[in-house]
Amino acid sequence: MNALLIYVNQFFELTAAALGVILMFKARDNRIMFWWGALTTITGLMLFADDLKWLVRIYSSEPIAINTLIPFRMLKWLTMALLISLFPMAALRPGYITPLRVTVLLIPMMVMSTAVACYHIFAIATIPLGDFSDIVANISALDVKFRLGLFVFSVAVPVGYITVPFIIRYPLRKPSIMMWLFIAALTVEIACYAIFSLDANLSIFYVYGIVMMAFYIVLSTFFLFSENPFSLRITPKTTDTPEEQSIEGLLFATMEEYFSRNSPYTAHDYTIERMAGDMNSRPSLVANAIRCGGFTGFREYMNHLKIEHFKACAQQDRGKTIKELMSQSGFNSRSTFYRLFSEHENKTPTEYIDRLYRS
């Protein structure tokens, strides 16, 4: 039975890794999609390799003894959990997570790596802990206190990172339903990790692995159809004057003004390079300006402009069909248009047109 569960785990792990590779190729300037794809691929392959070791142990009839509060296992968890916990922050504030900020935010992992290394080098005696009763029985031992401290640290830091973006609100995006499902799944994952760390149980271990990979697969699937499934852009409420804005903010304001008078985005071959040419700027700076405006990337911004163009055309040309307006706005796929419009307006194009014509 244990081997069968491991095979199920491995199927999920390889599926997640494959989806991650697809997302990395699909991402282009969408950093959130790219890094989610990279994290999914790396995690899937690492866990697949780890499960191969478990299969070898099972088929060789090697006795399997799982202990609790293993420092290196907690460090592996913290590394993965920290990276996952940054996604709410990145999704709700595109452009905020830069390489420098990631380095700063990963300092807790570096601290714990140092602590675990020192523990393995200088620990005189390690007390074997088979389950929670062993922890309680040896709670006064310095070794157990230190390992419990590492455990609390490995849970508290990711939870803190997940909480921050909901306390410090960003005015340009709001959480989507998928974000709350992400938080719920992550809560289950943290609970499984906590139970397994404190009371080593093989059933919890297998459930933890399956839940985690199913979580990756579901979210990766949503990424295939959405630029940012975790959050939705909202109308900005800002009183910043141009002098108070950043260079990217000023460039985004220029872009908004330009696109209010011109609509090159309705052309199917309009690219970020062409946009940079229209703005007399560089593609990288334009991409940063788009993120500064609260959009995940170029495609999400283009879809926003096309939908707004559709609405403007619907106001002006009431005799045209949805298909004609859709084509005029730069969409060439009806299913894609209906999905994007419904996400953007919380109603279908048909409902929008019907309501518009009745007004």
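Visitor: If helices (H or I, at least four residues) and strands (E, at least two) are DSSP runs numbered from the N terminus, how many of them does the protein chain have?

Guide: The secondary structure of the protein chain amounts to 17 helices and two strands. This is a predicted model, in which local features need pLDDT of at least 70 and side-chain atom pairs pLDDT 80 or more, whereas totals for chains, interfaces and linings use all residues. Residues are numbered from 1 along each chain as its sequence is written, and side-chain values use heavy atoms, without hydrogens and water.

Visitor: What box do the C-alpha atoms fill?

Guide: Along the principal axes, the C-alpha atoms of the protein chain fill a box of roughly 80 × 50 × 35 Å. Of the 359 residues, 45% are buried, that is, under 20% relative accessible area, with exposed meaning over 50% and partly exposed in between (1.4 Å probe, protein chains only).

Visitor: Which residues make the nonpolar surface patch?

Guide: Leu100, Val104, Ile107, Met110 and Val111 make a nonpolar patch of about 460 Å², where patch members have over 30% relative accessible area and no salt bridge, nonpolar side chains (Val, Leu, Ile, Met, Phe, Trp, Tyr) being joined within 5 Å and like charges within 9 Å. A salt bridge here is a side-chain nitrogen of Lys or Arg within 4 Å of a carboxyl oxygen of Asp or Glu, and areas are Shrake-Rupley values with a 1.4 Å probe, only the protein chains shown counting as cover for residues.

Visitor: And which helix gives the largest share of it?

Guide: Helix H6 does, with three residues, among them Ile107, which is partly exposed at a relative accessible area of 41%.

Visitor: Changing topic, at what angle do H16 and H17 cross?

Guide: The axes of helix H16 (residues 334-345) and helix H17 (residues 349-358) cross at roughly 65° and come within 9 Å, using lines fitted to C-alpha atoms over the stretch in contact, with angles from 0 to 180 degrees between N-to-C directions.

Visitor: Which residues meet there?

Guide: Phe337, Tyr338, Phe341 and Ser342 in H16 meet Pro349, Thr350 and Tyr352 in H17. By class, this contact has five nonpolar, two polar and no charged residues, where Ala, Val, Leu, Ile, Met, Phe, Trp, Tyr, Cys and Pro count as nonpolar, Asp, Glu, Lys and Arg as charged, and the others, Gly among them, as polar.

How values were computed:
Contact = heavy atoms within 4.5 Å.
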